[in-house]
Amino acid sequence: MKKLISVLSRFLLWAAFSGAAILLNHAAGASSSILFMKYDLHLIFTILCFPFAVVFSRLFTIGAQLIAGRRCGYTLVELSAFGLGWHRSADKGLRFGFRKPVAYFFHLETPPAYDGTSPYRLYLLCGAIPSAVLGVLALLAFALLHHIPEMLYVAFFGLGLITDALLTFLPDERLPFTLVRRLDRSLPLRRAWEHRLFIQANQRQRTYLTALPEDFFHTYTEELWHDPLIFSAQHDTCSRLLSDGRYQQAHDGFTRLYAFLSQPSVKVRQKEIELLFLTCSCALAEMLAGAEPDFSNRINEPNIELFLSRGGWASKLLLAQYIREILITGDAAAAQRLYSAIERLPEPLSLAQRRILSDAQTLAESRIKVSDDLVRRRDSE
């Protein structure tokens with residue numbers, strides 16, 4: 001039902017925008033005729049007014065959020081285009097440069113707190129203000145200077161700005177107005193929203209979960225997991241347990257998340273892919289906790305290779321596959337091949353992943369030693 005309402009609201013906004021554009025063009029019929037005779041590319045210029053309006057609206061939004069964020073205590077972490085821009089380094093200094101992985105257009109700030117008390121209304125909603133104001137000013141300028149034919153382009157540009165500002169208020173949980181309403185009703189959701197911003201910022205600064213304080217991570221009750229923000233935060237909490245070597249607790253947490261997400265009644269975006277991510281996490285926790293093989297037997301399946309063999313999850317998948325060979329199958333040749341692949345990764349393993357690797361190797365060596373001792377004891381008897 002929510003998805004239907006979101007689609008209908010977008011359709012109505014588009015219909016209203018199209019109607020306003022037609023009325024505007026009709027009201028300025030003389031200017032439009034002059035422009036058609038004056039410019040061969042008049043129609044293209046008119047069409048380009050709208051994408052340019054969207055681009056400028058997004059830039060205005062970022063500028064407004066930078067100002068509002070500073071007033072609310074937010075910290076700028078990155079402001080870049082195609083990886084080039086201002087980046088905050090591990091020593092907290094803000095420097096101009098290039099950073100990988102490349103974000104085609106990236107603006108990121110972190111809130112002043114992570115306990116659900118950060119101000120958010122002004123920060124989230126202020127972005128629509130400059131677009132709406134400038135859009136209205138553009139239409140007023142057209143009304144006052146309509147005798148200049150080129151002002152029709154300004155009017156279309158202003159209409160695009162106003163339309164993009166109105167998108168903010170559509171009933172979609174990813175858009176600011178609906179997000180603010182949701183945050184108003186739930187302290188756990190505010191905490192999960194802050195959690196996501198902090199995690200994104202730390203990933204861009206190459207700071208990992210183990211570097212974050214213990215009270216940053218919070219356990220949410222299962223009835224709250226239907227919300228994607230809270231589910232993601234709970235996954236990060238379990239990942240922290242895994243990174244800290246608390247493998248049994250991590251195994252319990254990951255398997256509960258997997259069982260929850262597997263329910264047919266649970267509807268989330270890209271559910272099947274999320275289950276693949278969880279399979280990899282469950283497999284790591286399962287093997288290091290010494291549980292019966294289940295998830296570890298699935299990590300070589302083609303669908304997991306397809307979705308997890310690239311990007312940030314590639315190292316985690318290789319690590320899980322390597323640990324499976326040394327702890328479950330005992331295939332030394334396959335283990336060596338995977339270990340070589342780990343060493344060739346573009347990005348080295350994180351501190352937490354190196355710890356997991358070391359613990360797995362130690363566990364494998366202890367099992368071999370115990371097995372050798374049993375063989376020697378049996379031979380002596």
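Student: Which residues are buried in α5?
Tutor: Keep in mind that this is a predicted model. In α5, the buried ones are Ala128, Ser131, Gly135, Ala138 and Phe142.

Student: Where do they sit, looking down the axis of α5?
Tutor: They fall within an arc of 100°, so they line one face of the helix.

Student: And what span should α5 have at 1.5 Å a residue?
Tutor: Its 17 residues, 128–144, should span 24 Å, and the end C-alpha atoms are 24 Å apart, which agrees.

Student: Switching to α14, which residues are buried there?
Tutor: Ala334, Ala335, Leu338, Ala341 and Ile342 are buried in α14. Those residues cover an arc of only 120° around the axis, which puts them on the same side of α14.

Student: OK, what's exposed on the other side of α14?
Tutor: There you'll find Ala332, Ala333, Arg337 and Glu343 exposed. As for the buried residues of α14, what covers them includes α13, residues 314–329.

Student: What does aspartate 331 do at the start of α14?
Tutor: One of its side-chain oxygens comes to within 3.2 Å of the backbone nitrogen of alanine 333.

Student: New topic: is alanine 113 buried or exposed?
Tutor: Alanine 113 counts as buried, because its relative accessibility is 17% and the cut-off for buried is under 20%. You'll find alanine 113 in the loop between β4 (105–110) and α4 (121–125).

Student: What is alanine 113 in contact with, leaving aside neighbours within four places in sequence?
Tutor: Ser118, Glu194 and Phe198. Phenylalanine 198 is 85 residues from alanine 113 in sequence, and their C-alpha atoms are 9.5 Å apart.

Technical notes. Residues numbered from 1 in each chain as written. Predicted model: local features only at pLDDT ≥ 70, side-chain atom pairs only at ≥ 80, totals over all residues. Heavy atoms only, no water. Buried < 20%, exposed > 50% of the residue type's maximum accessible area, 1.4 Å probe, protein only. Helix = DSSP H or I, 4+ residues; strand = E, 2+ residues; numbered from the N terminus. Arc of directions from axis to C-beta. Contact = heavy atoms within 4.5 Å. Polar contact = N/O pair within 3.5 Å; in protein donor to acceptor, adjacent residues only side chain to side chain. Expected span 1.5 Å × (residues − 1).
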